Amino acid sequence: MCEHRGSAAWCFLIGWVLACGWLAAPPVAIGGDFMLYSPSGSKQRLLVVRARPTKDGVELEMARTVNLGFPGGTIAAHASQPLLYVSGGRGEHGHNAAVVPLDEAGLPGEPKPVSLDRGYASLSTDRAGKFLLGCDYGSGAVDVYPLDAAGL
């Protein structure tokens, strides 16, 4: 059962966000506000939406868009650092992923392009933040990438 300040609208928003492939409840939150992150495959951007709880529900505001340079598809947050990992299809410069730092307000900085073995349907870090894990259901592959102390 979903309970948050007694708001059915709030519970609906969280369910919708999770069902649509957005990353909710990131490692950086500001007061009652939080950011929602979604890679756009068609626009090759990372969309960032600020969600503000109100007494009547939730107010959404487009906070920023960031050019990824490739069609994004899957997103994950680092276990303990303000970093996002986005994977997808190959872009014009051959990269198919990026590591995106977040500032103290949860807004993304300049993405660092990286190349992964493939695009992934599922992406996450382990609980300690030492490995990036990717699953490609089409090929049946599970890939594990070691991360350094900075999360790269």
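This is a predicted model: local features need pLDDT of at least 70, side-chain atom pairs count only at pLDDT 80 or more; totals for chains, interfaces and linings use all residues.
Numbering runs from 1 along each chain as its sequence is written, and side-chain values use heavy atoms, with hydrogens and water left out.

Strand β10 covers residues 131–136 and runs antiparallel to β11, with six bridges joining them. Strands here are DSSP runs of E with at least two residues, helices are runs of H or I with at least four residues, and both are numbered from the N terminus. Two strands count as paired if DSSP finds at least two bridges between them.

On its other pairing, β10 meets β9 over four bridges, again in the antiparallel sense. Ser124 has Leu133 in β10 as its bridge partner. Put together, that's an open sheet of three strands in the order β9-β10-β11, paired antiparallel. Its edge strands are β9 (122–125) and β11, each of which pairs on one side only. From one strand to the next, the twist averages 15°; the axes behind that value are lines fitted to C-alpha atoms, and angles run from 0 to 180 degrees between N-to-C directions. As a reminder, strands of a sheet pair through backbone hydrogen bonds, either parallel or antiparallel.

The hairpin of β9 and β10 has five residues between the strands, and Gly129 in this hairpin takes a positive phi near 75°. In a regular strand the side chains alternate between the two faces of the sheet. Buried means under 20% relative accessible area, exposed means over 50%, and partly exposed lies in between (1.4 Å probe, protein chains only).

Back at β11 (residues 141–146), have a look at Val142. Val142 counts as exposed because its relative accessibility is 57%. Together with Phe131 and Val144, Val142 makes a nonpolar surface patch of about 270 Å². Patches are made of residues with over 30% relative accessible area and no salt bridge; nonpolar side chains (Val, Leu, Ile, Met, Phe, Trp, Tyr) are joined within 5 Å, and like charges within 9 Å. Areas come from the Shrake-Rupley method with a 1.4 Å probe, and for residues only the protein chains shown count as cover.

A search of the whole structure turns up four salt bridges, each being a side-chain nitrogen of Lys or Arg within 4 Å of a carboxyl oxygen of Asp or Glu.

| Salt bridge | N to O distance |
|---|---|
| Arg52–Asp33 | 3.3 Å |
| Arg52–Glu59 | 3.6 Å |
| Arg52–Glu61 | 2.6 Å |

Salt bridges with shared partners join Asp33, Arg52, Glu59 and Glu61 into one network. How does burial look across that group? Asp33 is buried because its relative accessible area is 18%. Arg52 counts as partly exposed because it sits at 27% relative accessibility. Glu59 is partly exposed, with a relative accessible area of 40%, and Glu61 is partly exposed too, at 34%. As for the Arg52 and Asp33 salt bridge (3.3 Å, N to O), the pair links distant parts of the chain: Arg52 is in strand β3 (residues 45–54) and Asp33 in strand β2, 19 residues apart.

Gly32 is in the loop between β1 (29–30) and β2 (33–40). Gly32 counts as partly exposed because its relative accessibility is 35%. Its C-alpha atom is separated by 9.4 Å from that of Thr54, 22 residues apart along the chain.

**The chain as a whole**

The protein chain has one helix and 11 strands, following the pattern α-β-β-β-β-β-β-β-β-β-β-β along the sequence. Of its 152 residues, 42% count as buried. The chain exposes about 8,100 Å², with carbon and sulfur atoms supplying 54% of it. Among contacts (heavy atoms within 4.5 Å) between residues at least 6 apart in sequence, 36% join residues at least 24 apart.
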